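These are my notebook entries on one structure. I went through it topic by topic and wrote down what I looked up.

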Amino acid sequence: MQSKRGKFIAVEGIDGSGKSTQVAELCSRLKAEGHKIYPTFEPTNGPIGSLIRQMFSTRITADDKTIAALFVADRLDHLQNPVNGVLKKLEEGFTVITDRYYFSSYAYHGAHMPLDWVIQSNALSAELLRPDLNIFIDIPPQVGFDRVHANRADVEIYETLENIKKVYATYQKAFDLLNDVEKIVSIDGNRSMEEVAGDLYQISVDCITERA
Ligand code: ADP
Ligand code: TYD
């Protein structure tokens, strides 16, 4: 019997908002409860995502639109690749939970180029797959900045306070702009990990079981 198509949940937030920690925690809790869960992330560890990470870590520069377009390509590969693509996983009945999706592009690239252009250039992904739910882990930029600096030696190119503030503001702008077509829930990430995890779990379970 064909299993029911799974749900697609995207977790968003500025650097240091706790996405990676929370997605890992959420996925292991849901798996332990017997849910069929496939955790994933962007930039991916596929060929284009690896190129992006390499560009960041070695400080190779390219113009902003080229970088934004690489993220578009990485996302299309993330969705469609025949080995572990998100569309395939959903068809297999997995709930797919991704650490970042196209709202990250809107926020990070829209912070320094026209947001409309970034949204347009991601239209193919939006057509292929809109998240059943976008969850924004909301923390003040200063908190994200402090967390990143307290814990990392290799601060990435986007991670200056000024940039994080712009990214935060552009997330809000994109949420406002797309509020009619996207399901977006914001949770307060400036609390203990346990409190954030509790909310994230409840919202995700409601989505998976279609209570929301
Ligand atoms: P992101 O993936 O969003 O960049 P991480 O999960 O890597 O964020 O978390 C960034 C840092 O902040 C990590 O060192 C993590 O331990 C810490 N952190 C995450 N959530 C919290 C929280 N609720 N309170 C305090 N520190 C946190
Ligand atoms: P990520 O590995 O999630 O970093 P972190 O764990 O610090 O949040 O993402 C790497 C960087 O890539 C991050 O600064 C956000 C940026 N990014 C974009 O600029 N555009 C995008 O479309 C995505 C998905 C990420």
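**Entry 1: ligand 2**

I started with lysine 19. An N or O atom in its side chain is 3.1 Å from an oxygen atom of ligand 2. I count a polar contact as a pair of N or O atoms within 3.5 Å; within protein, one must be able to donate a hydrogen and the other to accept it, and residues adjacent in sequence count only if both atoms are side-chain atoms.

A note on the source: this is a predicted model, where local features need pLDDT of at least 70, side-chain atom pairs count only at pLDDT 80 or more, and totals for chains, interfaces and linings use all residues. Residues are numbered from 1 along each chain as its sequence is written, chains are lettered from A and ligands numbered from 1 in the order in which they are written, and side-chain values use heavy atoms, with hydrogens and water left out.

Back to ligand 2. I found a polar side-chain atom of serine 105 at 2.6 Å from an oxygen atom of ligand 2. For arginine 53, the corresponding entry is 3.3 Å, again from a polar side-chain atom to an oxygen atom of the ligand. Taken alone, ligand 2 exposes 540 Å², and the protein buries 94% of that. These areas come from the Shrake-Rupley method with a 1.4 Å probe; for residues, only the protein chains shown count as cover.

Which residues come nearest to ligand 2? I listed Asp15, Arg75, Arg100, Ser105 and His109, out of 18 around it. A residue is near if one of its heavy atoms lies within 4 Å. By class, this shell has five nonpolar, four polar and nine charged residues. Here Ala, Val, Leu, Ile, Met, Phe, Trp, Tyr, Cys and Pro count as nonpolar, Asp, Glu, Lys and Arg as charged, and the others, Gly among them, as polar.

H1, helix H2 (47-57), H3 and H5 each supply at least two residues of the shell. H5 gives the largest share, four residues. Helices (H or I, at least four residues) and strands (E, at least two) are DSSP runs, numbered from the N terminus.

Why is H5 described as largely enclosed by the rest of the structure? It is because nine of its nine residues are buried. Among them are Tyr102, Ser105 and His109. Buried means under 20% relative accessible area, exposed over 50%, and partly exposed in between (1.4 Å probe, protein chains only).

Arginine 100 sits in the loop between strand E3 (95-99) and H5. Its relative accessible area is 12%, so I noted arginine 100 as buried. Its phi is near 85°, a positive value in a residue other than glycine.

**Entry 2: ligand 1**

Next I turned to ligand 1. Of the 15 residues around it, Gly16, Lys19, Ser20, Thr21 and Arg191 come nearest. Oxygen atoms of ligand 1 are 2.4 Å from a side-chain N or O atom of serine 20 and 2.4 Å from one of threonine 21. A nitrogen atom of ligand 1 is 2.8 Å from a polar backbone atom of arginine 191. Alone, ligand 1 exposes 560 Å², of which the protein buries 77%.

Helix H1 (19-32) and helix H8 (141-151) give two or more residues to this shell. H1 gives the most, with three. The shell has two nonpolar, eight polar and five charged residues.

**Entry 3: the cores**

The largest nonpolar core has 32 residues, and Phe103, Tyr106 and Tyr171 have the most contacts inside it. Such a core is a set of buried Ala, Val, Leu, Ile, Met, Phe, Trp, Tyr and Cys residues joined through side-chain atoms within 4.5 Å. Elements giving two or more residues include strand E1 (8-12) and helix H9 (161-177). A second, separate core has 19 residues, including Leu30 and Tyr201.

**Entry 4: asparagine 134**

Asparagine 134 is in strand E4 (residues 133-138). Buried or exposed? I noted it as buried, because its relative accessible area is 1%. Its side chain makes a polar contact with the side chain of glutamate 182, at 3.0 Å. Beyond its neighbours within four places in sequence, asparagine 134 is in contact with residues including Phe103 and Ile184. Contact means heavy atoms within 4.5 Å.

**Entry 5: a cis bond**

Last, I looked up proline 43, in the loop between strand E2 (37-41) and H2. A cis peptide bond joins glutamate 42 and proline 43, with omega about -10°.
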